[in-house]
Amino acid sequence: MMRPPWYAYEAQKLASNGYTVLCIGGGVALPGFSKVLESKKLTTYQGSPEMASVKGMYQLCETLATKKGV
């Protein structure tokens, strides 16, 4: 059995402490995988794989701007 990489644990820990963790990239669009991530309180972007990273970064910027009142 393979264990998840350490950053998966860090992402879950951050999400449970109130941080928004965005999961982006083509792998998020795998069937059923986004539901697993969202069940762990992680946010996903499931648009076209070609634009997933760009849209995820944009979503992150929007979240940070909202928190700072911009």
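Analyst: A helix here is a DSSP run of H or I with at least four residues, and helices are numbered from the N terminus. The model is a predicted one.

User: How many helices and strands does the protein have, and in what order do the elements run?

Analyst: There are 3 helices and 2 strands. Starting at the N terminus, the order is α-β-α-β-α.

User: How do you know whether the span of helix H3 agrees with its number of residues?

Analyst: H3 covers residues 52-68, which is 17 residues. The expected span is 1.5 Å times one less than the number of residues, so H3 should reach 24 Å. The C-alpha atoms at its ends are 24 Å apart, so the two values agree.

User: What makes the phi of Lys-41 worth a remark?

Analyst: Most residues other than glycine have a negative phi. Lys-41 is not a glycine, yet its phi is positive, near 65 degrees. Lys-41 sits in the loop between helix H2 (33-39) and S2.

User: Why is Ala-11 called buried?

Analyst: Buried means under 20% relative accessible area. Ala-11 has 16%, so the label applies. Ala-11 belongs to helix H1, residues 6-16.

User: Which residues does Ala-11 touch, beyond those up to four places away in sequence?

Analyst: Ala-11 touches Val-21 and Leu-42. Val-21 is 10 residues from Ala-11 along the chain, and their C-alpha atoms are separated by 6.5 Å.

User: What makes Thr-44 buried?

Analyst: Its relative accessible area is 12%, and because the limit is under 20%, Thr-44 is buried. Thr-44 lies in strand S2, residues 43-44. Apart from neighbours within four places in sequence, its contacts are Cys-23, Val-28, Ser-34, Leu-37 and Glu-38.

User: With which side chain does the side chain of Thr-44 make a polar contact?

Analyst: The partner is the side chain of Glu-38, at 2.7 Å. A polar contact requires N or O atoms within 3.5 Å, so this distance meets the limit.

User: Which side chains meet in a salt bridge, and what makes it one?

Analyst: The side chains are those of Glu-10 and Lys-13, with 3.9 Å from N to O. The cut-off is a side-chain nitrogen of Lys or Arg within 4 Å of a carboxyl oxygen of Asp or Glu, so the pair qualifies. Side chains of opposite charge can pair when their charged atoms come close. Both residues lie in helix H1, 3 residues apart, or about one turn of the helix. The structure holds 1 salt bridge.

User: Which residues form the nonpolar patch on the surface?

Analyst: The patch is formed by Ile-24, Met-57, Leu-60 and Leu-64, which together have about 320 Å² of accessible area. Patch residues need over 30% relative accessible area. Leu-64, in helix H3, has 42%, so this residue passes that cut-off and counts as partly exposed.

User: How far apart in space are Ser-53 and Cys-23?

Analyst: Their C-alpha atoms are 9.0 Å apart, and the two are 30 residues apart in sequence. Ser-53 lies in helix H3 and, at 41%, counts as partly exposed.

User: What share of the residues in the protein is buried?

Analyst: Buried residues make up 17% of the 70 residues. The accessible surface comes to about 5500 Å², and 62% of this belongs to carbon and sulfur atoms.

Conventions:
Residues are numbered from 1 along each chain as its sequence is written. This is a predicted model: local features need pLDDT of at least 70, side-chain atom pairs count only at pLDDT 80 or more; totals for chains, interfaces and linings use all residues. Side-chain values use heavy atoms; hydrogens and water are left out. Buried means under 20% relative accessible area, exposed over 50%, partly exposed in between (1.4 Å probe, protein chains only). Contact means heavy atoms within 4.5 Å. A polar contact is a pair of N or O atoms within 3.5 Å; within protein, one must be able to donate a hydrogen and the other to accept it, and residues adjacent in sequence count only if both atoms are side-chain atoms. Patches are made of residues with over 30% relative accessible area and no salt bridge: like charges are joined within 9 Å, nonpolar side chains (Val, Leu, Ile, Met, Phe, Trp, Tyr) within 5 Å. Accessible areas come from the Shrake-Rupley method with a 1.4 Å probe; for residues, only the protein chains shown count as cover.
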